[in-house]
Amino acid sequence: MASNAGKKLIQIDVSSDTVCPWCFVGKKNLEKAMEQNKDKFDFEVRWHPFFLNPNAPKEGIKKSDYYRMKFGPIQFEHATARMTEIFRGLGMEYDMSGLTGNTMDSHRLITLAGHQGYDKQSALVEELFQSYFCQGKFIGDRQVLLDAARKVGIEGAEELLQDSNKGVDEVKEELNKYSSGISGVPHFVINGKFQLSGGQPPNAFTRAFEVAAKDGAQ
């Protein structure tokens, strides 16, 4: 596949959940790799839903209580310290305050954004990650979602969120198409073929771009 000025087009499908810290780390490292390789390749990044906890409550639960319950107090403290260190290495502060809960509404919004351009969709994903992981905001709060949508210029967000059923079937279709068989996120598929999982470093993405480009040239 070729794109502008003869550069190869690298298409990246990302399965992710909006309450997954490694998904945010993976996004940042992917973007570093894209920046480092922008003279060689053009990129198209598409975000797809995944639910770490499909049964999470819509009303939300205190983030620290939920993860302490899930992992146990010792592992919770270790995991929090590790993520804090990793986030600081990326120039961000990891915020464990606030609530966590069901992410369906955020995925409905991300799926809507995908119809308005993948750059807008990625910008929305960034805003949601920043809100949840760095500002202690609740991912299930309609106003938080609307603020993020308005900031990046997503149209129809209010109408979507007012109807709790709107867009749900499309999210489920996306889930079945792109995330079936995946055991964890983030999960990256490059040019429909080459797969990476987890918070990979930038050089892992660069290697995958190069392999995908060579494969496409054959």
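**Exercise 1.** Determine whether Ala-149 is buried or exposed in this predicted model.

*Solution.* The relative accessibility of Ala-149 is 0%. Buried means under 20% relative accessible area. Ala-149 therefore counts as buried.

**Exercise 2.** Describe where Ala-149 is found and which residues it touches, not counting residues up to four places away in sequence.

*Solution.* Ala-149 belongs to helix α6, which spans residues 142–152. With those sequence neighbours left out, Ala-149 touches Leu-109, Leu-124, Ile-154 and Ala-157. As for Asp-119, its C-alpha is 13 Å from that of Ala-149, and the two are 30 residues apart in sequence.

**Exercise 3.** Classify how helix α1 crosses α5, and state which residues make the contact.

*Solution.* The axes of α1 (residues 21–36) and α5 come within 10 Å and cross at roughly 135°. This angle makes α1 oblique to α5. The crossing is left-handed. From α1, the contact involves Pro-21, Cys-23, Phe-24, Lys-27, Lys-28 and Glu-31. From α5, it involves Ser-122, Val-125, Glu-126, Phe-129, Gln-130, Phe-133 and Cys-134. By class, the contact has seven nonpolar, two polar and four charged residues.

Technical notes
Residues numbered from 1 in each chain as written. Predicted model: local features only at pLDDT ≥ 70, side-chain atom pairs only at ≥ 80, totals over all residues. Heavy atoms only, no water. Axes fitted to C-alpha atoms, helices over the stretch in contact; angles between N-to-C directions. Helix = DSSP H or I, 4+ residues; strand = E, 2+ residues; numbered from the N terminus. Parallel < 35°, antiparallel > 145°, perpendicular 65-115°, else oblique. Left-handed = near helix turned anticlockwise from the far one by under 90°. Contact = heavy atoms within 4.5 Å. Nonpolar A, V, L, I, M, F, W, Y, C, P; charged D, E, K, R; others polar. Buried < 20%, exposed > 50% of the residue type's maximum accessible area, 1.4 Å probe, protein only.
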